[in-house]
Amino acid sequence: MAKATLTAEVVMNEAVAAIDGVLAATDVDDFTDDDKITPREVRQFLARLRLLEGVPFSNIVADSALLPIESIRFFYVDRGWTDALTQGALSVGTVNTGDRAQLDRLYGAIEDEIDSEERLVRLPGGEERQAGRAGLMTGFLLRSRAVSGWPGLHVRAYAREPDGNDEEILPESHPDRLKLLRLERLAPAVMLALFDGMPEVVHIEEPKRGLQFGVSLTETASNTYSASIPARNVQTANYVDENGAEVETMAEAKRLPVRFRPGSPGVLDLANTGRAFLDDDSLGMGSTLDGAEFALQMIRFPYRQVFGDPQVTSDFDIAAVFRPTLSKEVGALTTDFERVFDAD
Amino acid sequence: MVAVGKFVLYDGFVPPLEAGDYDLVARHTLDSPDVSGLNVETQSSRVRITSPRFKLPPDQILSTFPPANSEGAYESRLPQIVIKRRTMPWERRPLRPGDPDVPHAPEEAADRNTPWLALVVIAEGEGEISVETPIADCVTPGVPMTGPSDVVKGLYLAVPETVVRKVFPTVEDLRLLAHVREVSLADTENALGDDDGFMAVVLANRLPQFDRVACKPVRYMACLLNLEGQLDALPAPTPPINTFLATQFVFNAAAVTPSQPVDPDLRFMGAEVDTVFASPFAGGEVPRSGPGTRAVLGGTTARVNAGNPTRATAATSSRAAEWASGATTARISDIASSSNSEDVAFAVRDAMKAGFRIPFEAYVLEKTYRFPVLAHWSFTCTGAGSLDTIMQELDVGLLGTLPGPDAEPPRPECLPPVGGDAPPPADKPRVPPEVTGTGHVGLAHKTREGEDRRAWFRGPFVPFATRRRHHEGDLPVLAHVSDQLRLTIPDGREDLSLAIAFEIGRLLALSQPSFVAGLMRWRREQFGAERARLLNGNLGKFGQFAGMLDLSLNQGVAREVGRRFLKVASADLVANFGDARPIADPGRPIDHLAANPITDLANGLEIDRQVLTEAQRLHDPAVLDRVAVARGASAETLDPAIMQALDAGLDESLRSVLTQGAAQPERDLRRSSEQDQDALDVLIQRQTERRKKELD
């Protein structure tokens with residue numbers, strides 16, 4: 001006759017030994033079916049915190065002089081800072097020494113999970129999910145009228161300039177393109193973008209709301225403007241240069257002057273502008289002018305500003321920068337500060 | 001089909017028939033050499049081809065540029081409207097039979113390719129947008145508007161001849177301003193919600209300009225106009241120029257109308273309005289419009305209307321007006337959010353038209369024209385230049401780059417230099433911040449001892465690539481309090497960056513109760529999960545639980561262990577708990593009765609043995625009912641009632657003995673909790689029934 005052998009003592013001993021932390025899954029990744037240790041809501045909160053959601057702007061940019069009006073500032077994201085941020089958030093859940101001991105054991109795994117979660121915060125439709133360890137994070141802050149006047153600016157960052165010219169658009173999952181981790185207007189005129197890697201070029205593009213038509217204005221004298229458009233061959237839709245040869249980019253194209261109506265600022269004289277187009281053989285417009293050909297000449301692709309390599313200056317010797325000699329100047333600065341603060 | 005990202009441009013799609021009424025007449029002729037008079041009745045029917053004429057249905061507008069009620073530096077872009085139906089601009093003839101000839105472009109006017117629609121952009125004060133007006137009044141008086149109309153009331157744009165001459169497209173231009181675009185429907189960016197991929201586009205011929213004279217943003221209204229019958233009003237071609245002076249003046253209705261606030265209600269409800277407002281000009285001193293009337297050059301004050309020195313524009317300094325358009329846009333947004341939902345469309349449209357409501361028609365001497373407006377929207381040109389100039393003038397740098405010592409916030413170039421009685425520029429509020437090449441900023445810091453010190457702080461954005469320092473052992477892997485991350489650096493000051501980050505993270509986490517709850521839940525589960533895992537391991541070691549237990553986190557551990565234990569234990573009760581105890585212990589055997597109990601019983605009861613055997617075989621003690629039992633002689637002396645009770649008692653005793661004797665030993669008493677009906681039950685049931693009958 002058999003006998004049950006499970007005693008209360010055995011159970012108790014094992015429960016006490018349970019504090020010796022080993023990882024237990026609490027969640028499963030929807031796509032990869034990997035086990036996740038960190039519960040989903042905690043993971044998502046920490047990932048958004050990593051992207052500085054909710055962090056007061058004065059803690060991001062400590063002084064307004066660092067981001068003057070009409071400026072763009074590129075930066076690297078200090079992972080140490082964001083790690084400290086997540087550690088602070090995690091510290092809320094620890095109450096006693098046992099908790100902290102356990103969190104110590106778990107932290108490495110939590111950090112890895114947040115690293116991979118970072119890329120899932122912003123998932124635009126039609127793009128593939130990207131995975132992998134978190135690497136270098138960079139970005140820029142733009143404070144400009146361009147942000148307030150053109151809501152919905154497109155921002156693209158490329159690890160390698162696409163095809164060597166500025167007129168290419170690659171999908172976000174392309175290896176040459178960097179994933180945009182966060183793109184947000186923090187204030188009406190301040191935009192923050194975070195990239196998943198180190199960009200070689202950054203494109204900021206005018207929002208596309210259908211095609212637009214227009215000219216390039218040049219101020220020739222005080223308040224006097226002339227306008228021109230890049231020449232295109234209407235048969236092939238390619239740009240043509242001074243010699244009538246087709247060229248790839250707008251920058252190389254010949255400029256065609258645009259005529260205006262006297263006495264009316266900004267009003268185009270279309271018929272005469274069009275006739276001038278007809279006279280130019282390299283445009284292939286034939287003998288009569290029609291609306292489609294004219295529209296093709298006047299199409300303005302959304303303006304795209306290209307920012308090149310932001311002159312990486314790495315390997316600062318921290319000790320050299322924080323030299324005590326600075327404190328002498330700082331002393332003078334302090335008095336200045338005091339004067340200003342006293343004046344308030 | 002066009003590929004995504006590509007498009008095809010067409011000059012136009014001219015429908016074979018214009019909009020209007022048509023008679024379809026069918027005639028049939030029959031001929032026969034033999035029979036004459038084979039006449040067939042003529043069949044005629046009326047067909048109407050409809051097309052918008054005074055109002056463009058909203059679903060036909062796919063997009064407008066600039067977006068309605070937007071602000072931006074749109075100086076180098078032509079406003080446009082995209083219309084869903086590709087034939088729309090050519091569905092009517094601008095020059096109808098009987099309309100006046102167009103002397104400067106007769107061929108173009110008669111050409112079917114010339115659209116009847118034009119997109120005209122006017123600035124504030126250059127024209128007047130009407131309220132809903134009967135369509136007969138929506139065109140310049142004298143222009144006939146016969147034929148079917150789509151609406152009873154419409155809007156019109158009233159403009160003086162000067163504005164038509166300066167701003168409206170010429171007849172020759174019209175063709176160039178309309179085209180058809182074909183895009184892929186899969187290209188949401190370009191298809192804009194179209195159904196067939198073809199859409200008509202009408203461009204304006206005017207680049208919106210910032211007001212460089214007064215240096216303030218300009219509100220523009222783009223109107224899609226019906227030109228039917230009024231081609232002759234369009235301007236004649238002029239010799240072109242290669243440059244334009246952006247400060248040139250077009251027209252200002254405010255300069256020719258009195259300053260009293262004009263209530264459109266008054267104007268449209270009472271005919272006496274003209275006499276009320278016309279009086280200032282009774283002396284024939286009507287100011288002429290022209291460059292002189294807008295003498296706001298210099299941006300300060302001007303006296304335009306001698307009779308009315310309090311004109312609003314005259315008193316407004318350019319600096320104060322700098323943000324005027326922003327206020328207008330904000331007001332429109334306010335109206336949009338505060339109006340009740342039924343009126344909101346009207347209220348917003350009305351607010352957008354402020355500035356285009358100046359009724360100048362009664363005051364200008366020149367001829368004024370009215371054009372039906374099919375669609376209109378307003379936008380504000382807020383600055384010189386465009387996105388490219390703004391972007392190219394950006395101050396580019398890595399974070400930590402300070403602006404140069406003389407850096408000034410950029411101002412529009414046209415603003416007059418600060419001087420005169422304008423307040424001098426405020427002192428720079430403070431000295432430039434102390435910034436190191438590493439991006440650290442020196443900030444005032446009050447220590448816990450109350451000492452005023454300076455400390456270094458650096459935000460998350462730094463000008464060079466950093467490493468995760470705790471990965472390299474410089475810092476504790478995990479900090480539990482912010483003080484663990486306070487660093488003292490070689491210059492003796494503290495670097496509080498990470499400590500501050502820690503504290504910010506803690507405060508942000510605490511500010512979200514759901515996150516705190518999530519963490520606490522996780523904390524509980526972590527211990528629960530560990531316990532479960534270890535119990536799994538240990539329980540698995542015990543023989544009968546081997547491989548049976550798999551505790552997971554989501555189940556309560558205690559409950560789960562109990563449930564599993566019961567399941568395992570009940571699978572084989574004999575093995576786990578031993579044999580079941582019998583229901584009754586057998587009594588002590590009586591040897592002399594064990595040999596033949598039935599015979600002994602029959603002898604003892606003085607009944608036939610056969611009866612008992614039969615009862616045992618049938619398991620039915622009812623057999624005994626038929627057995628006669630001998631009674632003692634004294635039985636007759638007893639009271640019949642007592643006798644009956646004794647009989648019944650005897651019966652019951654006998655039956656209970658028999659029932660016990662006939663118990664089925666093979667019944668599984670453990671298995672069944674529900675009792676089968678046995679012989680005793682039958683007996684009891686019968687007796688109860690009998691009793692009931694007797695009592696009745």
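Select B:Cys138 to start. In this predicted model, the relative accessibility of B:Cys138 is 0%, so the residue counts as buried. Next, select B:Cys223. Is B:Cys223 buried or exposed? Its relative accessible area is also 0%, so B:Cys223 is buried.

With two cysteines on screen, the next thing to look for is disulfides. A disulfide is a covalent bond between the sulfur atoms of two cysteines. The test applied here asks for a pair of cysteine sulfur atoms within 2.5 Å. By that test, the count over all chains is zero.

Stay in chain B and select B:Val250. This residue sits in the loop that runs between strand S15 (243–245) and helix H5 (253–256) of chain B. Although B:Val250 is in a loop, its relative accessibility is 6%, and it counts as buried because the limit for that label is under 20%. Show the neighbors of B:Val250. Leaving out residues up to four places away in sequence, B:Val250 touches B:Glu126, B:Thr162, B:Val163, B:Lys166, B:Val167 and B:Arg206, and also A:Pro265 from chain A. How far apart are B:Val250 and B:Ala123 in sequence and in space? They are separated by 127 residues in sequence, and their C-alpha atoms lie 9.0 Å apart.

Chain A has ten helices and 18 strands. Of its 344 residues, 53% are buried. Taking the contacts in chain A between residues at least 6 apart in sequence, 63% join residues at least 24 apart.

Now select residues 201–205 of chain A, which form strand S9. This strand is mostly covered, with five of its five residues buried.

Which strands pair with S9(A)? One is strand S5 (residues 154–158) of chain A, which pairs with S9(A) in the antiparallel sense over five bridges. Pick A:Val155 here: its bridge partner in S9(A) is A:Ile204. Another is strand S18 (residues 304–307) of chain A, also antiparallel to S9(A), over four bridges.

Technical notes:
Residues numbered from 1 in each chain as written. Chains lettered and ligands numbered in written order. Predicted model: local features only at pLDDT ≥ 70, side-chain atom pairs only at ≥ 80, totals over all residues. Heavy atoms only, no water. Buried < 20%, exposed > 50% of the residue type's maximum accessible area, 1.4 Å probe, protein only. Helix = DSSP H or I, 4+ residues; strand = E, 2+ residues; numbered from the N terminus. Contact = heavy atoms within 4.5 Å. Pairing = 2+ DSSP bridges.
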